[in-house]
Amino acid sequence: MTDHTHHVHTETADAEHARVYAFPTATGGQAEPTDPSEVLEAELVDDTTTPSPVDQPDTPGTEPARSASESVAWRPVLPTWLSDREEFREATRWALAYVGHSAAYHAVRCPVYVARVLARVPHGSWRLLQGLVRWVTDAEGRPVRHAAARREDASEYLKLATQRDGRVRARSVVACGLSVAGVAAVLTGHALLPALAEWAVVATAVAGLGWLGAPADQPVVSRAVESTKAPKLTSNIVETALASLGISQINQALAKGGSGIGFPKPISRDGKGWRADVDLPPGATPGDVLERRGKLASGLRRPVGCVWPESDPSEHAGRLVLWVGDKDMRKAKQPTWPLRNGSAVDLFQPQPFGTNQRGRWVDLTLMFVSVAIGSIPRMGKTFALRELLLIAALDPRAELHTYDLKGTGDLDPLEKVTHRHGVGDEPEEIEAALTDMRGLRDELRRRARLIRDLAKKGQCPENKVTPELANKTSLGLHPIVIGVDECQVWFEHDQHGDELEDICTDLVKRGPALGIVLILATQRPDAKSLPTGISANVSTRFCLKVQGQTENDMVLGTSKYKQGVRATTFAWEDKGIGYLVGEGADADIVRTVAGLDGPTSEKIAAHARTLRHHAGTLSGHAIGQAPEPDETRRDTLLEDILTVVPETEKKVWNERVIPRLVELRPEAYGTYSKAEDLTAALKRHDIHTGQVWGTTDDGKGASRIGITRADIAKTVAQRNRRGEAS
Ligand SMILES: Nc1ncnc2c1ncn2[C@@H]1O[C@H](COP(=O)(O)OP(=O)(O)OP(=O)(O)O)[C@@H](O)[C@H]1O
């Protein structure tokens, strides 16, 4: 290192940011620094004779020591089709189907093959004879001899002619010998061999002659299986496709003299497709490519459903993983859903929810989660929700509450097993659902208290429901799964929207640990239909096609669009295909179980009913039990307050109202203990509490949270007027 360099390093050593880089101008020259200090600093680093201070020289030993375990990636000993049971089964099934199909195909066509062979025997015999004559007469040397004759090269011609005469003589002897041997073999064979063997020899000879007589483009045997092998993915194809996207950084990198695109791993087979890991040039992100999935597919000359670009956040922000399937994901045959036969499941264990692009099952554990499903209409939301509810139905312990607010009966197959069932958005349906949800919130509180008590006794170390606790019927901690299709109907309800939102937010936040799973599906994922308190707290998200970034992030979580998880890239035909994002897990592209329509769901639900019948867990709607009459009681909080607070009391503290309410209706207000409970309940009716002056029992004046009776009377009067008008 020169002194000068050393100087540069000392000048810059204490201030890393003092490095100045000369960027090219639009004209291709260097940008002119205008500030004198910039000139000085630019001089400090613009020394082409010295190594760039940015990159450290590759001196051995300066690299931080990396253990072998860090720098080595183990490649699997066995190929996936041998090590993965599902893939092995799939491969065996394919091989057997292939052999079976080919055998049947050729067996049926046998007579045609025989006729073809016989028809071609004369031509085959003629060809054989021709070949023999050409061999004996040394026909292959003829053009050379003719050329020598044309050149009038006497010595060369003489040499070739002599050679030919010798060959013809020798080959004639061999041919005669073979003919004699052939005739002798035929006669001996005829005398010695059994008739069957004779026929076999004749058939083989005839088949040989027929095969010889077949034109090259018309083989005797037709193909049983047309190979639809997808073209191999190569780096050239990937580069061409990426170059067609119109992304400037990629175009610059691929232009002459550009840095090119990096392929950190060889392009290889991955499941039923090819996988290419691509390092995009600086500045380009997988998101840019994802947005142009259609163009990328065009560049790769493949259907859009085969082309699945993804980001790889475990590497760096410029790493693109491009998976190109052999078949369109939406047309590819899905392996049989393991739960289709209706066997019992354990909700505490992962259950197959859908298949990924590679055709492998992606599991979902329903316990300890809350789920949001969103998409534009007709993409497969209801199918996804119904599938999850069917999975829940197959665990006989799980209590189901199913609400189909669209009212088309999509969840009716579950009627056989569900505890509470609601269809449509009529007022009485909403009232009944509200009562059920209030009951579930009370159940949530009961469970929280119970878990706290059990934890104190050391019986619940994780402070959440465990399979053991769920199995103890005396505790009543069995899984409760609530599925709501078109949940926006609840949250947008002018009268009960806020209360239902409060209850659902509570269930989404606290439910999972207490064994209560809420699954909400909506076709309009915006702040009103999927309130922020809920969308921010659900732990599992499934997003089928949506139109924009806002809806995408509303369902999948904040910043997911920026991170390249974009359900906007799905096509209209991608029914049932969506991004599945679990808690702390990477996003998976998943196709829900295809063919799980109404009748199939009915069959599975029937199995589930049998399981429940044996376990003795059929309850509520499934056995025709209507909710208890008091369960469907209308919310009469305001009227009840007017009853317990006489007109003479203009303003009164909450803590005074609560005991009177509890006394009036313990079943409805028994859970109110603090002033805030009444404040929250009144908020649902758009009535606010405030500081109220009053006197304590020992006669002292104090200001505490309380109500103004006139506010409540006014709201009740308005409500009554509205009721009369309607
Ligand atoms: N996994 C799948 N594979 C193939 N097709 C599917 C899949 N899932 C759903 N579909 C198809 O998508 C269509 C729409 O499904 P679904 O009724 O669930 O949509 P939706 O989003 O709930 O619609 P809406 O918003 O109108 O309620 C159905 O006709 C169904 O056959």
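I take a residue as buried if 20 or more other C-beta atoms lie within 10 Å of its own, and I keep in mind throughout that this is a predicted model.

**Helix H9**

I looked up helix H9, residues 235-243, and found that its buried residues are Val238, Ala241 and Leu242. Viewed down the axis of H9, these buried residues fall within an arc of 95°, so they line one face of the helix. In general, an α-helix has 3.6 residues a turn, so residues three or four places apart point the same way. I then asked what covers the buried residues of H9, and noted that the cover includes helix H10 (248-254) and helix H12 (293-300), together with strands E2 (273-279) and E4 (319-325).

The unreviewed UniProt entry lists a "binding site" made up of Ser375, Ile376, Pro377, Arg378, Met379, Gly380, Lys381 and Thr382.

**Pro377 and Gly380**

I placed Pro377 in the loop between strand E7 (371-374) and H13, and I found Gly380 in the loop between E7 and H13 as well. Pro377 counts as exposed because it has 11 C-beta neighbours inside 10 Å, whereas Gly380 is buried because 22 other C-beta atoms lie within 10 Å. Leaving aside residues up to four places away in sequence, I noted that Gly380 touches Leu544, Lys575, Gly576 and Thr592.

Methods. Residues numbered from 1 in each chain as written. Predicted model: local features only at pLDDT ≥ 70, side-chain atom pairs only at ≥ 80, totals over all residues. Buried ≥ 20, exposed ≤ 12 C-beta atoms within 10 Å, placed from the backbone. Helix = DSSP H or I, 4+ residues; strand = E, 2+ residues; numbered from the N terminus. Arc of directions from axis to C-beta. Contact = placed C-beta atoms within 7 Å. UniProt positions renumbered as here; feature names shortened; annotations may be inferred.
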